[in-house]
Amino acid sequence: MNELALEICTESILRSVNELLEYYSGSDVTVRPSHCDSLAAVFDETIECPTPGCETIASFTRLDGSGVSGALNLTAHSCVIASLGGQELSLAPDWIGELGNQILGSFKNYLLEYGVDAHLGIPLTSRGILLNSTTVPGEQLDFQAATRFGNVWVTFSVQVGYDRRWRKMSQQATAAAGSVQLF
């Protein structure tokens with residue numbers, strides 16, 4: 001993979017995750033590499049949550065475009081996601097899919113700054129861990145996002161064509177965190 005493209009994608013996904021989670025949590029978020037896939041990270045963390053009715057949930061969203069493809073997987077306890085979205089616990093599986101969609105929508109806007117156009121797939125969500133989500137080809141980046149409500153585990157896989165020229169364009173296309181204009 002083009003090292004500049006990987007650097008741009010890493011910086012852009014980190015910025016997207018951080019900005020959106022800070023927006024929804026209303027406080028600082030610490031995003032750091034986890035050096036393992038989200039599946040292993042969640043198993044290392046206590047699976048049993050003390051919140052009654054809480055379970056582990058996940059979302060998987062694809063990104064495909066001109067010379068770039070990838071996927072985003074989010075895994076967390078449903079009480080963390082429900083708190084981030086100001087939602088009831090029962091709506092957390094839907095909300096984690098929406099959160100993944102917004103993160104990739106923001107990422108997609110950062111790519112537009114480099115002339116890279118991409119489209120998002122429909123998020124898949126599950127109760128439990130999405131076991132097949134880490135098999136997407138490309139460079140895999142694993143992060144732990146620590147919010148005031150708890151951890152969100154992020155696995156991002158990206159693949160960029162070798163012939164792609166990455167340079168910043170003069171016109172930028174971005175929207176504020178939480179905005180429906182992200183898409």
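## Strand β2 and its partners

In this predicted model, strand β2 pairs with strand β4 (residues 118-120) in the antiparallel sense, over three bridges. Within that pairing, aspartate 64 has histidine 119 of β4 as its bridge partner. Strand β2 also runs antiparallel to strand β5 (residues 124-127), and four bridges join the two. Here the bridge partner of alanine 58 is serine 126 in β5.

A further antiparallel partner of β2 is strand β3 (residues 68-77), joined to β2 by ten bridges. Alanine 58 stands opposite threonine 75 of β3. Strands β2 and β3 form a hairpin with two residues between the strands, and in this hairpin glycine 67 takes a positive phi near 80°. Strand β2 itself spans residues 56-65 and is mostly covered, as seven of its ten residues are buried.

## Aromatic pairs

The structure holds three aromatic pairs. Tyrosine 23 and tyrosine 24 form an edge-to-face pair, with 4.9 Å from centre to centre and 80° between the planes. Tyrosine 23 counts as partly exposed because its relative accessibility is 47%, whereas tyrosine 24, with a relative accessible area of 17%, is buried.

Phenylalanine 107 and phenylalanine 156 also form an edge-to-face pair; their ring centres lie 5.0 Å apart and their planes make an angle of 70°. This pair links distant parts of the chain: phenylalanine 107 belongs to helix α4 (residues 92-112) and phenylalanine 156 to strand β7 (residues 150-160), 49 residues apart. Phenylalanine 107 counts as buried because its relative accessibility is 0%. Phenylalanine 156 is likewise buried, with a relative accessible area of 0%.

## A ring cluster and a charge over a ring

Which residues are linked into a cluster by ring pairs? The cluster consists of Tyr23, Tyr24 and Trp95. Two of these residues, tyrosine 23 and tyrosine 24, are the edge-to-face pair described above.

An arginine is also placed over an aromatic ring. Arginine 15 lies over the face of tyrosine 110, at 3.7 Å from the ring centre.

Terms used
Residues numbered from 1 in each chain as written. Predicted model: local features only at pLDDT ≥ 70, side-chain atom pairs only at ≥ 80, totals over all residues. Heavy atoms only, no water. Phe/Tyr/Trp six-rings, centres within 6.5 Å; stacked < 30°, edge-to-face > 60°. Buried < 20%, exposed > 50% of the residue type's maximum accessible area, 1.4 Å probe, protein only. Lys NZ or Arg CZ within 6 Å of the ring centre and 35° of its normal. Pairing = 2+ DSSP bridges.
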